[in-house]
Amino acid sequence: MPLKGLPADARPREKLLQRGPAALSDAELLALLLRTGVQGKNVVQLAQELVDRFGGIAGLLHSGAEALETVKGLGPAKRAEILAVVELARRALAQPLKERPLFDTPQAVAQYLRLHLGHKPHEVFAVLFLDNRHRLLALEELFRGTLTQASVYPREVVLRALHHHAAAVVLAHNHPSGVAEPSRADEALTQTLKAALALVDVRVLDHFIVTAHDCRSMAAMGLI
């Protein structure tokens, strides 16, 4: 049924204005962003199909430009809108981390890392570079693939820390398996990077293991 055939209180825009955004489903919120459907599907049906295809709204927001290009009915304008929303969310989460010490807002750190790394299908190693007050300077994804001491190069991490004039770093990588427990290899890698960065007077404050639904601190586990 076209949206105009639905009762007013069932149309996403009218429903939001009458009852507030919390009253809308993920598909209805996405439909407001997409605005129009495709032949044979109204915009809510298209939005629901996208949510189902990517395993929920979080999966969709982590899907990236290449994955969105494979979806029939998502032209450049719609893809750009989805990617813009993701970037706005990242910047909103990064802002408090840049304005005050990182560990003043541990939940924001976890949300920020999960948004960046949680749904990636391959392992990614990232570094949060911090100033001398432990505020975020930058996050960079430096390595991807199977992460071991051999595939993460301490020299590159040191060079990027010097580039940002960082006083400290927080390490992070994802586990696509969904298990947020650090491995022995993760512990060994952390110690290798800690020693390399100490040579240029940069401290390793933590190493987070990230999944789609969890974010574990190795420092909190006594492993740093």
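A residue is taken as buried when its relative accessible area falls under 20%. In this predicted model, Val152 has a relative accessible area of 0% and is therefore buried; Val152 lies in the loop between strand 2 (136–144) and helix 8 (154–163). The C-alpha atom of Val152 is separated by 8.1 Å from that of Leu189, 37 residues apart along the chain. Val85, found in helix 6 (residues 76–99), has a relative accessibility of 32% and so counts as partly exposed. Between the C-alpha atoms of Val85 and Val124, which are 39 residues apart along the chain, the separation is 22 Å.

Val124 belongs to strand 1 (residues 124–130), of which 7 of the 7 residues are buried, so that the strand is largely enclosed by the rest of the structure. In a regular strand, side chains alternate between the two faces of the sheet. In strand 1, Val124, Ala126, Leu128 and Leu130 point one way, while Phe125, Val127 and Phe129 point the other way, and all are buried.

The pairing of strand 1 involves two further strands. Strand 1 and strand 2 run antiparallel and are joined by 7 bridges, with Leu139 in strand 2 as the bridge partner of Leu128. These two strands form a hairpin with 5 residues between them, and His134 in the turn has a positive phi of about 65 degrees. Strand 1 also pairs in the antiparallel sense with strand 3 (residues 168–174), over 6 bridges, and in this pairing Phe129 stands opposite Val169 of strand 3.

Technical notes: Residues numbered from 1 in each chain as written. Predicted model: local features only at pLDDT ≥ 70, side-chain atom pairs only at ≥ 80, totals over all residues. Heavy atoms only, no water. Helix = DSSP H or I, 4+ residues; strand = E, 2+ residues; numbered from the N terminus. Buried < 20%, exposed > 50% of the residue type's maximum accessible area, 1.4 Å probe, protein only. Pairing = 2+ DSSP bridges.
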